[in-house]
Amino acid sequence: MSYVIAISGASGAVYGVTLLEYLLRAKHRVYLLLSRSARLIIRDEMGLEWGSHFSESAEILEKRYREYDLILCNEDDMTAAIASGSVLTAGMIVAPCSMKTLSGIAHGYSSNLIERAADVSLKERRPLILIPRETPMNRIHLKNMLAASELGATLLPAMPPFYHHPETIEDMVHFIAGRALDLLGLKNQLYKRWS
Ligand SMILES: Cc1cc2nc3c(=O)[nH]c(=O)nc-3n(C[C@H](O)[C@H](O)[C@H](O)COP(=O)(O)O)c2cc1C
């Protein structure tokens, strides 16, 4: 199956990287989108050097994920496969989803390939999971989350719970990543389920 993972410039790049690596290891094709801010945050929060523009990232990720079916898309390239609904994908996750990208998606703005691919997911009625991260939230953020939900997206805020007694940051990240995979119908053991 093919999935789209978009990492936008909110805190919590680790959610997107975790989902990317899970799907690649599970032998899925992943179309990856990185915003400019996401590259900065991946470096700052995760200590990963993924380049500061598309061609650098393409070179770095081609080496890092050589054995996997990864297609890095340029966020400015509206001719990319995933800009069209005719290219079949089984779902898209924006992890994390910044308030700016949320706004673009909720209003059908399609100003870059992240927003366009999300727009395609909505028009094709494919699963679109947004992992928003901001705190506190203002009325615009809340209204945009409601608008996106009404359009068919699923809002899965980066709000890990504590009932599964997380011991590490990874436990908390895996809970959110695992719930996103659940929503795509992908069985996974990333987190401890309530029993
Ligand atoms: C270190 C850092 C952390 C940020 N964290 C957030 C965040 O958690 N949520 C958010 O909506 N924006 C956050 N921002 C601001 C976004 O990066 C900014 O609005 C950017 O324009 C988003 O663009 P993008 O959606 O195209 O990535 C952060 C910026 C920086 C530099």
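Guide: Two strands count as paired if DSSP finds at least two bridges between them. Strands themselves are DSSP runs (E, at least two residues), numbered from the N terminus. This is a predicted model, where local features need pLDDT of at least 70, side-chain atom pairs count only at pLDDT 80 or more, and totals for chains, interfaces and linings use all residues. Residues are numbered from 1 along each chain as its sequence is written.

Visitor: What makes β4 and β5 a pair?

Guide: Four bridges join β4 to β5 (residues 128-132), and the rule asks for at least two, so they pair. The two strands run parallel. Val-94 sits opposite Leu-130 in β5, and Cys-97 has Pro-132 as its bridge partner there.

Visitor: How do you know that β1 pairs with β4?

Guide: Three bridges link β1 (residues 2-7) to β4, in the parallel sense. At least two are needed, so that's a pair too. Ile-5 stands opposite Ile-93 in β4.

Visitor: Why is β4 called largely enclosed?

Guide: Buried means 20 or more other C-beta atoms within 10 Å of the residue's own (12 or fewer is exposed, in between is partly exposed, with C-beta atoms placed from the backbone). Six of the six residues in β4 (residues 92-97) are buried, so the rest of the structure largely encloses this strand. Met-92, Val-94 and Pro-96 cover one side, with Ile-93, Ala-95 and Cys-97 on the other.

Visitor: Which strands are the edges of the sheet?

Guide: The open sheet of six strands runs β3-β2-β1-β4-β5-β6, with parallel pairing. β3 (70-73) and β6 (154-155) each pair on one side only, and they are the edge strands.
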